[in-house]
Amino acid sequence: MSARKRSQFDLFGSTPGEFPPAQGRVLPATVDPESQSLREQLPMSLYLGTSSWAFPGWAGTVYREPYPSSVLSRDGLRAYAQHPLLRTVGVDRTFYAPIGASAFAAYADTVPADFRFLVKAHAALTTPKGMRVSGHSPDSDHFLDAEYAARHVIEPTMQGLGDKLGILLFQFPPMSLSRTRLEALPSQLTAFLSSLPRGVPFGVEVRTPELLGAAYAEALRAGGATHCFTVHPSMPSVHEQAAQLGASAWQHGPVAVRWMLRPDQQYEAAREAYAPFDQLSAPDLSSRAEVAALVAELAATQPRVIVIANNKAEGSAPLTLRELARLVASRGTR
């Protein structure tokens, strides 16, 4: 069955295959022997990747040359996926507007059989109407609208990616809610998740610490989704997230860990300080150690653990992942 025709929802196994023939103008960087060695030491259930792939500053690390962002955006994914440590990538453009099955299929046809995508669901599903997030405000009220999610998000994603979908992520923004609305949200989330097609790997990321607790964990369990751990100034550490939620919040399928931003930084300031993202400008040793410990524990028990690093975490996402891989490999979890 071709990548364009996959419709099965049984996503928890795959058979690695030959890498697609090299095409396009973007060439990968020369393989780093240490990165290749690290990949062989990591658990097979662990997938490391970045939030996107269109960064000229990754020349020498991921790409052969500093290709323009526009060229990398269009043609860079094939070269990105040849890096030994990069077995997943985040698709963020879908957060701002849904894309069609053909666009997903083009991504799927570009990467090897054992590569997985983390796809963000449209922000309209997780943002109450009138609330702005990342400079964007949904123009229609589809907050927790299961029918809209199934038709415009899940169906094209599954048709295009098939078993290369790693996790479909519902990312909720920070929300200042009254106590009544905050207490009602877990039950709304349960109803939403329970109405979605079964067998799809769903993740949920929240940026409201007050939600972390038994009611939210039960909503995830009942809806067959998993908590997405995030390193972000709006949230407690990943260790504290795990302690507040308990294992029932991530035992129902693949788990995502997203390392976004230092606790003392903001996105715009980090972008200005770290560009062009070619070095570890601000190593975050505390977050690195916590993420490594969490990842090693998750990878020992979960079917798939997807770790997404952002350039704003330490300055260069691929280099952040190399350091993280060293820590995880040193634990001998394979």
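Two strands count as paired if DSSP finds at least two bridges between them. Helices (H or I, at least four residues) and strands (E, at least two) are DSSP runs, numbered from the N terminus.

**Entry: ground rules.** I am reading a predicted model, in which local features need pLDDT of at least 70, side-chain atom pairs count only at pLDDT 80 or more, and totals for chains, interfaces and linings use all residues. Residues are numbered from 1 along each chain as its sequence is written, and side-chain values use heavy atoms, with hydrogens and water left out.

**Entry: the chain.** I found 12 helices and 9 strands in the protein chain. Of its 334 residues, 55% count as buried (under 20% relative accessible area; exposed is over 50%, partly exposed in between, with a 1.4 Å probe and protein chains only). I then looked up contacts (heavy atoms within 4.5 Å). Among contacts with a separation of 6 or more, 80% are between residues 24 or more positions apart.

**Entry: the sheet.** I traced an open sheet of 9 strands in the order E6-E5-E4-E3-E2-E1-E9-E8-E7, with parallel pairing. Strands E6 (225-227) and E7 (229-231) stand at the edges with a single partner strand each, so one side of each has no neighbour in the sheet. On average, neighbouring strands are turned by 25° against each other, direction ignored.

Entry: E5 (residues 202-205) pairs with E6 in the parallel sense over 3 bridges. I noted His227 in E6 as the bridge partner of Val204. Helix H5 (residues 146-161) packs on the sheet and touches strand E3 (116-120), strand E4 (165-171) and E5, and its direction makes about 160° with that of E4 (axes are lines fitted to C-alpha atoms, for helices over the stretch in contact; angles run from 0 to 180 degrees between N-to-C directions).

**Entry: H4 against H5.** The axes of helix H4 (residues 101-108) and H5 come within 7 Å and cross at roughly 35°. The residues in contact include Phe104 and Tyr107 of H4 and Pro156 and Leu161 of H5.

Entry: E7 and E8 pair in the parallel sense over 3 bridges, and Val231 stands opposite Trp259 in E8. On the other pairing, 5 bridges join E8 to strand E9 (residues 305-309), again parallel. There Val255 has Val305 in E9 as its bridge partner. I checked the cover of E8: Val255, Val257 and Trp259 on one side and Ala256 and Arg258 on the other are all buried.

**Entry: Arg262.** This residue sits in the loop between strand E8 (255-259) and helix H9 (267-274). Arg262 counts as buried because its relative accessibility is 18%. A polar atom of the Arg262 side chain lies 3.2 Å from the backbone oxygen of Pro283. Not counting residues up to four places away in sequence, Arg262 touches several residues, among them Pro233, Tyr274, Asp284 and Lys312.

**Entry: Thr61.** I looked up Thr61 in the loop between strand E1 (46-50) and helix H2 (69-75). Thr61 is partly exposed, with a relative accessible area of 26%. Thr61 and Asp278 are 217 residues apart in sequence, yet 8.3 Å apart in space, C-alpha to C-alpha.

Note on methods. Polar contact = N/O pair within 3.5 Å; in protein donor to acceptor, adjacent residues only side chain to side chain.
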